[in-house]
Amino acid sequence: MSGVRQVVGMTGDEAVAHAAKLVNPDVVAAYPITPQTIIAERYSDFVNNGEVDTSFISVESEHSAMSACVGASLTGARVFTATASAGLALMYEILYVASGMRCPIVLAVANRAFSAPINIHGECTDQLVCRDASWVSLFGESAQEAYDETILSFKIAEHPDVMLPAMFGIEGFIVTHALERVETLSKQQVDDFIPASRIVRDRFCPDENKTFGSLVLQDYYMEIKRQQEEAMQNAYKVTEDAMQEFSELSGRKMEITEKYQLEDADYAFVSYGATAGNAKAVVDRLRAKGEKVGALKIRLFRPFPSMDMFQALSGIKAATILDRSATFGSPGTIVQTDIASALYGKENVPSLHGYINGLGGRVLTLPEIEEVYEMSKEYNNIGINSTTDWVGYRK
Amino acid sequence: MAIVLPKVSVKDLQEWSKLGEVFTSGHRLCAGCGAGTMARQVTLAAKVLGDPMMIVNATGCLEVASTVYPYTAWDVPWLHNAFENAAATASGAIEAMKSMQRKGLMRERNVNMIVFGGDGGTYDIGLQSLSGAIERGHDFLYVCYNNGAYMNCLSLDTHIMTKDGLKRVTDIQLGELVYAFDQNTNDLVLKECSGIFDNGIKEVYELKTLHHSIKTTINHPFLTVQRSRKNYENKLIWKTLEKLKPGDEIIVLKDMNDGKRYSFKEIKISKKGDYKVHKINEIKLPEESNPDLMEFLGLYVGDGWTRPHKAETGFSFPENSEARSRLVFLSKKLFDLEPSTAHQNDVYLYSVNLARFVDSLDFGKGAKNKIIPSWVFTLPYEEKEAFVKGLMQSDGYSIGKSNRYVSASYELLKTLRLLLQTINYRVGKIHQQTKKKGTFVVYRQLLEDSTYGYVCFSKKKKPNINKYLSQAKQRDFLADNEYFSSEKIVSIEFIKEEPTIDLRVEDEHNFIADGIVVHNTGIQRSSGTPQGAATTTTPPGTVIPGKIEWQKPLAEIMAAHDIPTFTASPAYPRDLMAKVQAALKHDGPAFMLVDSPCNLGQRYAPDMSMEIAKLAVKTCFFPLFYTYKEDWVLTGISSRLAKNPDRKLPIEDYLKPQGRFRHLFKPEWKKKLIEIQDTVDEKWERLVTKATCV
């Protein structure tokens with residue numbers, strides 16, 4: 001599209017702030033929390049330097065941040081916020097209000113481990129546990145993807161068939177604070193991609209005597225919740241189309257799942273976020289040794305791309321799922337259980353081996369990933385088709 | 001800019017009331033609720049200003065009761081988000097409008113944003129959100145309507161067994177003695193009711209045993225029998241309704257034979273020589289209940305009426321009926337009065353004093369509204385039996401040992417059923433049917449299509465427990481118990497959503513509802529609850545009399561943010577509305593604390609709300625004032641009280657009419673009352689010292 005690609009060095013957080021600046025939302029309500037802080041700080045710079053005409057609400061908590069976003073969104077505004085870990089947990093109550101009242105709010109999550117023990121580093125549990133809150137949920141691998149998904153999220157959330165809030169996550173410090181090459185878009189490109197007009201809906205505004213947030217009892221509650229599910233199902237197609245359009249706009253291929261060397265593979269890695277980069281590097285190393293292995297990256301976590309999972313993994317012998325999130329007493333890692341549900345009862349599907357790793361920012365090195373790969377192969381060879389392990393910790 | 005209160009005259013109110021309601025009728029707030037009155041006054045005052053208003057409402061009574069989907073009582077833009085975030089939500093809406101106006105996406109105009117929150121949503125969980133929004137300077141008026149607790153399980157038509165007989169759960173007073181089951185001795189004991197709680201609208205289920213039924217919420221605990229292995233003692237344990245299933249045994253009341261004769265209240269007696277009284281049928285009126293009188297009253301409840309202005313007590317007993325001859329016999333014996341039996345179907349007793357006497361006994365008027373009043377439940381066994389005998393002669397019939405009583409009054413059947421359960425009768429459920437005009441029902445032809453009900457009952461035979469105790473216990477675990485027995489649950493069914501209420505009972509924590517032993521449950525304190533008040537989380541104990549702490553000084557906390565802060569009362573609408581207008585005209589946040597009486601939580605009659613609100617002001621418990629920066633100004637009555645201190649009422653005048661403070665009037669808490677008066681005086685003095693008067 002644009003003749004010359006502009007390339008700048010940015011951290012993941014800066015990429016989010018710069019992308020949000022191009023969207024120029026009407027209201028941003030945010031409360032600082034490491035490792036999201038830079039997003040809030042950069043954006044306040046833009047506001048105070050007059051680079052955007054957003055109302056920035058410096059709220060006194062994340063709970064109030066999401067509450068103000070709901071108030072602003074229902075008034076008809078385009079709304080953006082960002083948080084992490086404990087902040088997202090504090091918002092949790094209002095996440096359901098936002099989706100239940102169909103507020104297309106966009107939320108950037110700097111994925112960070114939950115306390116206790118307190119830890120400020122990368123881990124995706126915070127976002128994964130919001131999976132049932134009826135929010136569209138995306139993950140990004142790099143600063144570039146953070147930049148792209150910021151813009152993309154508005155497109156998905158505000159689509160009339162969706163009208164649901166959307167969150168996207170990048171891992172704390174690993175992506176949020178790492179300086180990377182980012183290809184940027186022009187203001188004109190973003191304006192072409194995201195409609196200038198605000199969504200058409202019932203609004204909480206002086207001209208309309210309407211009641212929002214009423215008490216809904218047994219007689220109607222379920223119908224309203226069912227409409228949310230239908231919107232969530234629509235979100236898949238809307239995301240697919242939006243990604244297609246974005247690919248054309250930016251010249252960078254963007255898909256709901258990214259397949260790397262999977263065509264002829266017998267074995268596969270499945271991952272999301274920053275771990276996907278490591279998985280691809282390991283694929284290269286293993287391919288050099290003659291292993292027939294590929295990698296699958298999940299970008300859209302909700303709605304879960306079940307069909308994509310089946311298509312990408314069918315014919316694979318064993319899938320190694322690298323999950324940077326903690327779950328306790330569960331039958332598998334969070335993403336593993338979703339994949340298992342998606343593949344259940346289908347023919348020609350791989351054995352699934354989930355590995356909880358990298359909690360609290362712990363690094364899972366490439367040799368360790370190779371080891372994990374060998375473990376999966378071993379399980380598969382002896383006929384065990386589902387395992388879940390913790391890896392990369394002192395035994 | 002200093003605050004200037006506009007003058008609001010009564011004439012202004014008359015004019016404004018023609019503008020139409022913003023908070024419209026059809027909402028579901030309780031009768032007597034102060035919040036509804038407050039909401040109408042605030043919104044009307046805002047409407048007068050002309051600019052459009054928008055309302056954000058925190059979760060609470062006002063929100064829940066006004067917007068049950070798909071209906072709304074609000075004729076303005078209205079938004080509810082959650083409990084603790086109304087102020088932050090208003091922040092978002094205000095900033096969204098500013099931003100969109102800046103970008104040309106919304107028409108520019110002044111909007112009056114009003115936020116409503118209750119005391120729980122403001123004093124406690126929402127304080128941070130409110131303080132944050134005020135610090136950011138968001139231009140809204142936050143109105144906190146303080147009803148003094150988190151007001152939130154029995155159905156309202158449940159009957160409770162008390163020392164003074166059977167009472168509807170809604171008529172139970174704090175401090176009243178109710179019957180309970182002593183879990184150590186399995187005895188019937190009297191315990192004090194120390195709390196009454198309106199639990200709001202809940203899902204109500206009906207639990208039925210062979211002889212009992214009760215409507216209750218799913219989480220209400222019942223005393224059940226846990227059968228043990230052979231040679232081990234069976235145990236009694238509490239289980240909530242959700243854990244019960246048909247076949248489980250629950251504990252019910254079977255007998256209360258320790259009644260005593262009832263002494264009648266004094267009534268006005270006319271006698272010859274009184275003004276305009278020249279002739280009167282002198283009769284002797286009984287002072288205490290006795291079996292003959294109870295049989296007479298049984299006949300009366302069955303088929304009698306009174307018309308005191310005609311000096312008439314009438315009975316519709318046809319000629320040659322057993323009931324008629326019994327009535328004639330009884331009236332001669334009891335009152336020395338010869339009935340008029342000339343009419344074919346009716347019998348009349350002419351005595352103004354008798355009619356008044358019968359009227360004073362609370363049996364209810366009209367065939368469909370008859371009821372067995374609570375005092376009948378306190379009578380000795382033979383008097384209750386005689387009463388049932390009278391009833392049976394009028395509208396009952398027997399087949400073998402089984403009796404059937406027919407009545408058009410559902411309440412009468414319900415109370416009869418409970419009465420029979422106190423004298424060890426086996427009672428079936430209440431059947432209801434509709435019969436066409438002309439059908440014969442209990443010796444009489446129906447004059448029109450009628451719906452009526454009946455219950456069947458029979459005397460229980462006492463098992464020979466001396467000989468067959470273990471067998472009897474197998475059937476009824478409490479077979480050898482004088483007062484209670486165990487009965488198997490037959491069914492548990494969802495009925496509908498309806499208002500519920502619950503009691504707290506000292507020591508035993510249980511009481512007898514509709515003849516079944518049930519556990520009491522837990523209006524929780526908020527930091528807006530007054531000192532000494534009883535709530536479910538601050539019960540009036542023997543050591544601690546209700547809530548220990550004084551209310552959080554919310555108005556002062558808000559005033560410390562350097563914003564205009566007002567206090568107001570719906571009992572003084574001109575003062576309240578003037579303050580709303582001053583607050584909305586102010587540029588920036590403003591806060592108003594409204595004393596919003598709640599008849600259910602504070603325990604007083606629904607028509608007393610404005611009276612209670614006035615007393616809060618007149619006792620200086622809730623002074624009316626406003627403050628902004630260094631200005632403190634007393635308004636209305638409070639200003640007058642500051643000028644005339646001797647017109648200030650003692651705090652007891654405010655506390656006494658409210659059930660939640662009743663325990664403070666026991667002799668042992670006299671000290672507490674003095675303490676509360678001292679604190680009120682001290683706070684009032686401090687306010688008067690720094691405030692000016694208008």
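**Bridge between A:Leu138 and A:Leu300.** A:Leu300 in β13(A) is the bridge partner of A:Leu138. The two strands, β6 (residues 136–139) and β13 of chain A, pair in the antiparallel sense over two bridges. Two strands count as paired if DSSP finds at least two bridges between them. The model is predicted: local features need pLDDT of at least 70 and side-chain atom pairs count only at pLDDT 80 or more, while totals for chains, interfaces and linings use all residues. Residues are numbered from 1 along each chain as its sequence is written, chains are lettered from A, and ligands are numbered from 1 in the order in which they are written.

**Seven-stranded open sheet of chain A.** The strand order is β3-β2-β4-β5-β7-β6-β13, with mixed pairing. The edges are β3 (55–58) and β13 (300–302) of chain A; each has a single partner strand, so one side of each has no neighbour in the sheet. From one strand to the next, the twist averages 20°. Strands (E, at least two residues) and helices (H or I, at least four) are DSSP runs numbered from the N terminus.

**Helix α4 of chain B on this sheet.** Residues 86–102 of chain B form α4, which lies across β2 (27–30) and β3 of chain A. The helix runs at about 160° to β3(A). Axes are lines fitted to C-alpha atoms, for helices over the stretch in contact, and angles between N-to-C directions run from 0 to 180 degrees. Two residues are in contact if their C-beta atoms, placed from the backbone, lie within 7 Å.

**Contact between chains A and B.** Chain A contributes 41 residues and chain B 40 residues. On the side of chain A, β2, β3, α3 (62–74), α4 (85–100) and β9 (211–212) each supply at least two residues. The most comes from α3(A), with nine residues. By class, this side of chain A has 20 nonpolar, 14 polar and seven charged residues. Nonpolar covers Ala, Val, Leu, Ile, Met, Phe, Trp, Tyr, Cys and Pro; charged covers Asp, Glu, Lys and Arg; the others, Gly among them, are polar. The predictor gives the complex an ipTM of 0.92 and a pTM of 0.69.

**Strand pairing across the two chains.** β9(A) and β2 of chain B (residues 78–80) pair in the parallel sense over two bridges. A:Phe212 stands opposite B:Leu79 in β2(B). Chain B has a mean pLDDT of 82, and 84% of its residues reach 70 or more; pLDDT is the predictor's confidence in each residue, from 0 to 100. Where pLDDT is low, the predicted coordinates should not be read in detail.

**Six-stranded open sheet of chain A.** The order is β10-β12-β11-β14-β15-β16, and the pairing is mixed. β10 (257–260) and β16 (386–390) of chain A are the edge strands, each pairing on one side only. The twist averages 20° from one strand to the next. β10(A) pairs with β12 (residues 293–298) of chain A in the antiparallel sense over four bridges, and A:Tyr260 has A:Ala295 in β12(A) as its bridge partner.

Helix α12 (residues 366–381) of chain A lies across β11, β14, β15 (351–356) and β16 of chain A, at about 140° to β14(A).
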